[in-house]
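Subject: Structure handover

Hello,

Please find the structure below, followed by notes on what was found in it.

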Amino acid sequence: MKTNIFKYALVLGLISVFTSCENEQIDNQNQNQEVPKYDETSLSNDFFGRKSSTDCHFEYEGIDGPEFWADLCGEDWKDCGGNSQSPINIITSSVVEDASINNINTNYTISSTNIFNNGHTIQFNYDAGSSASLNNIDYNLLQFHFHTGSEHIVDGVQYPMEMHLVHQDPVTKLLAVIGVFFEEGKTNKELNQFMNNLPEHEDDHYVSNKKYHIKDMLPGDMDFYTYSGSLTTPACSEIVTWYVVKEAIKASHWQLERFEQIMHENFRPAQALNGRLVWAND
Ligand SMILES: [Zn+2]
């Protein structure tokens, strides 16, 4: 009898697992359903245990533009006026080279395709199970997204696009973001497989079982600049260690233009260093 009850419970459990997976699939197909967040505002709220500030709104120009972000949401976005903000202008002659800094050590695997337009960027949520060891801490890769033009600039030079791979330490909830620059050149084959499915409008998303590997989208040489900074969108929380990769990857004029067409210019201007040092691993 005991065994039968156990079997019954097991079957019920399995049914509920399958049902919930199915629901998730259906939800993801629905354009107006909420998808897993992982956007920067949610990650910051997670870290501070705050509820999301749904009434607050920001833009990249005008009266809700970057210079006013700190005042747009009461206390919640005050960090946007902080002393350790991102992005920055990386002045290569001032970078401190330190061979003892570990290389980026990734343990990435494949993911299904889950692309979301959150109104500020095109975000690719990445399936659980991929991580990177950065400065001896294991961070989970949650999502990556794009900015046109680049947010970080190097010796005052801006790239046409920058990709941000957002990682979270599951214990402390602190973030590590790997920034990768794009420069104009030949067609980017990896990016090309998504070009026809980029969600055009806010809250649109695209879900497919088609698998891809984030590693295929990264430069061969992952040497980087690193510094302590913040999220580059409100709440601008200063909970991010940045790893800005030196080598840029290529995308065609048309590909870069397409991203800009959808996202418009969504870069925050460089913020003051305020005495912070920028390091390089090599
Ligand atoms: Zn970003």
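G149 sits in the loop between β7 and β8 (helices, H or I of at least four residues, and strands, E of at least two, are DSSP runs numbered from the N terminus). The peptide bond leading from T148 into G149 is cis, with omega near -15°.

Two notes on provenance. This is a predicted model, in which local features need pLDDT of at least 70 and side-chain atom pairs count only at pLDDT 80 or more, while totals for chains, interfaces and linings use all residues. Residues are numbered from 1 along each chain as its sequence is written.

β1, β8 and β9 form an open sheet of three strands in the order β1-β8-β9, with mixed pairing (two strands pair if DSSP finds at least two bridges between them). Its edge strands, each pairing on one side only, are β1 (89-90) and β9 (157-158). β8 (residues 153-154) runs antiparallel to β9 and is joined to it by two bridges, with I153 opposite Q158. The loop between β8 and β9 contains D155, whose phi is positive, near 50°, although the residue is not glycine. D155 is exposed, with 9 other C-beta atoms within 10 Å (buried is 20 or more other C-beta atoms within 10 Å of the residue's own, exposed is 12 or fewer, and partly exposed is in between, with C-beta atoms placed from the backbone).

β11 and its partners

Which strands does β11 pair with? Antiparallel to it is β10, over eight bridges, and M161 stands opposite F182 there. The hairpin of β10 and β11 has six residues between the strands, and K173 in it takes a positive phi near 70°. β14 pairs with β11 in the parallel sense over five bridges, where I178 stands opposite Y243. β15 (residues 249-251) also runs parallel to β11, joined by three bridges, and I249 in β15 is the bridge partner of F182. Eight of the ten residues of β11 are buried, so this strand is largely enclosed by the rest of the structure.

Core

The largest nonpolar core has 51 residues, and V177 and Y243 have the most contacts inside it (such a core is a set of buried Ala, Val, Leu, Ile, Met, Phe, Trp, Tyr and Cys residues joined through C-beta atoms within 7 Å). Elements that each supply at least two residues include β7 (137-147), β10 (161-168), β14 (240-245) and α4 (253-263). β11 gives the most, with seven residues. Beyond its neighbours within four places in sequence, V177 is in contact with H164, L165, V166, H167, V240 and W242 (contact requires C-beta atoms, placed from the backbone, to lie within 7 Å).

Helix α2

In α2 (residues 40-48), the buried residues are E40, T41, L43 and S44. Viewed down the helix axis they fall within an arc of 165°, so they line one face of α2 (the arc is that of the directions from the helix axis to the C-beta atoms). These buried residues pack against β10 and β11. Just after the helix, G49 has a positive phi of about 65°.

One more loop

N274 lies in the loop between α4 and β16 (279-280). Its phi is positive, about 50°, though N274 is not a glycine. N274 is exposed, with 10 other C-beta atoms within 10 Å.

Regards

Key:
Contact = placed C-beta atoms within 7 Å.
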